[in-house]
Amino acid sequence: MPIDAPGRTISGAIHDRIAVNGTHLHCVSLGTSGSPVLLVHGFPETWWAFHKVMPLLAERHRVHAVDLRGFGDSDLADGEFDSTVASEDLHQLIAALGEGPVHLVAQDISGTTAFRLAATHPDAIASFTAIELGLPGFGLEAFADVTNGGAWYFGVMAAPGIPDMLLAGRETAFVGDYMFPSMCAVADAVDYGDVAEFVRTYARPGGWNGATGLYASVLKEGEKIAALARSGAIRAPVLAIGAGGGPFTEHTMKQAASGTDVRSIQIDDVGHYAAMEAPERVATAIRDFVEEVDTGRVGVARRF
């Protein structure tokens, strides 16, 4: 059932809250024709991370951007939430939308969820575009090792209740003064309005619980994700888009999806949040790849 936009929106977008897997997911849709694309945000983001990319993709595709459980205007997550639950949420969302197979696009911490979805429900996925993401079992856990240059917030986010304890009332400082400035290379790519939209829902009671579930998954699920990779379950073609993280995404996907066609693109002169910092280049990369998949052509990696 379409709803009024609970927060910021973009022209022509339709907002829905869709019942799936015992919860309700907020999904934003744009475009009326072409093959379907499902966009899955990272952290500290919501669907709004793709608000610059969606209109560009919607020129040729039906585009859906979702708030994962526990994020944005989707229902809150509980202590059982992890990448397995999140991937089934998305599987049921695809069915509820009447779409599929979809071109799946995921970035950052949603990588484990998206990889599970592509591996366990291959018939629902036409292609998988990975933007600036890693996977447990393939080196992502190292980012939690603060003694070797890892990020301090990995452990904080993975600890139930601790983000609420430490960040309540400080959401804007954490998101707007630390997270985005520390990992963006394009000035003003994320402005005060963007930060306010992200903070709006992280600041609700329990608003960090979705992040806790996904960060805890990174620390717990390495063996399971590696086993999925060894099974060769990823059949869809893969595009790895690297930005501030350099070739890390490419190296990850070429290992984890070694049984399928993995192509790669490096977007230079941007930081980690490529969809916000370089939306035109990200949209072009996705569109070109999706067109190659839809028409059965083999693409050639190139530098944007």
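Predicted model: local features only at pLDDT ≥ 70, side-chain atom pairs only at ≥ 80, totals over all residues.
**Overall form**

The protein chain contains 12 helices and 9 strands. Its radius of gyration is 17 Å, close to the 19 Å that the globule rule gives for 304 residues, so the chain is as compact as a globular protein of that length. The C-alpha trace spans about 50 × 45 × 40 Å along its principal axes.

Of the 304 residues in the chain, 58% are buried. Among contacts with a separation of 6 or more, 74% are between residues 24 or more positions apart. The accessible surface of the chain comes to about 11800 Å², and carbon and sulfur atoms account for 53% of that surface.

**Charges and salt bridges**

Side chains of opposite charge can pair when their charged atoms come close. The structure holds 12 salt bridges.

| Arg 17 | Asp 75 | 2.6 Å |

The salt bridge between Arg 17 and Asp 75 has an N to O distance of 2.6 Å. This pair links distant parts of the chain, with Arg 17 in strand β2 (residues 14-20) and Asp 75 in the loop between β5 (62-66) and α2 (83-97), 58 residues apart. Arg 17 has a relative accessible area of 30% and is therefore partly exposed. Asp 75 is also partly exposed, because its relative accessible area is 23%.

Are the two partners buried or exposed? Arg 69 is buried, and so is Asp 89.

Arg 263 is buried, because its relative accessible area of 9% is under the 20% cut-off. Asp 261, with a relative accessible area of 32%, is partly exposed.

Salt bridges also link Asp 73, Glu 197 and Arg 200 in a network.

Val 293 is placed in helix α12 (residues 279-295). Which residues does Val 293 contact, leaving aside its neighbours within four places in sequence? The contacts are with His 103, Ala 126, Ser 127, Pro 237 and Arg 263. Val 293 and Asp 78 are 215 residues apart in sequence, and their C-alpha atoms are 37 Å apart in space.

Asp 177 lies in helix α6 (residues 171-183). Its relative accessibility is 58%, so Asp 177 counts as exposed. Between Asp 177 and Val 195 there are 18 residues of sequence separation and a C-alpha to C-alpha distance of 9.3 Å.

**Backbone geometry**

Most residues other than glycine have a negative phi, and most peptide bonds are trans. The sites below depart from these patterns.

A cis peptide bond joins Phe 43 and Pro 44, with omega about 0 degrees. Pro 44 is in the loop between β4 (36-40) and α1 (54-57). Gly 100 and Pro 101 are likewise joined by a cis peptide bond, with omega about 0 degrees. The loop that holds Pro 101 runs between α2 and β6 (102-107).

Asp 108 is a residue other than glycine with a positive phi, near 60 degrees. Asp 108 is found in the loop between β6 and α3 (111-120). With a relative accessibility of 15%, Asp 108 counts as buried.

Asp 188 also has a positive phi, near 65 degrees. The place of Asp 188 is in the loop between α6 and α7 (192-202). Is Asp 188 buried or exposed? Asp 188 is exposed, because its relative accessible area of 71% is over the 50% cut-off.

Definitions and conventions
Residues numbered from 1 in each chain as written. Heavy atoms only, no water. Helix = DSSP H or I, 4+ residues; strand = E, 2+ residues; numbered from the N terminus. Rg over C-alpha atoms; globule rule 2.2 N^0.38 Å. Buried < 20%, exposed > 50% of the residue type's maximum accessible area, 1.4 Å probe, protein only. Contact = heavy atoms within 4.5 Å. Areas by Shrake-Rupley, 256 points an atom, 1.4 Å probe, with all protein chains shown as cover. Salt bridge = Lys/Arg side-chain N within 4 Å of Asp/Glu carboxyl O.
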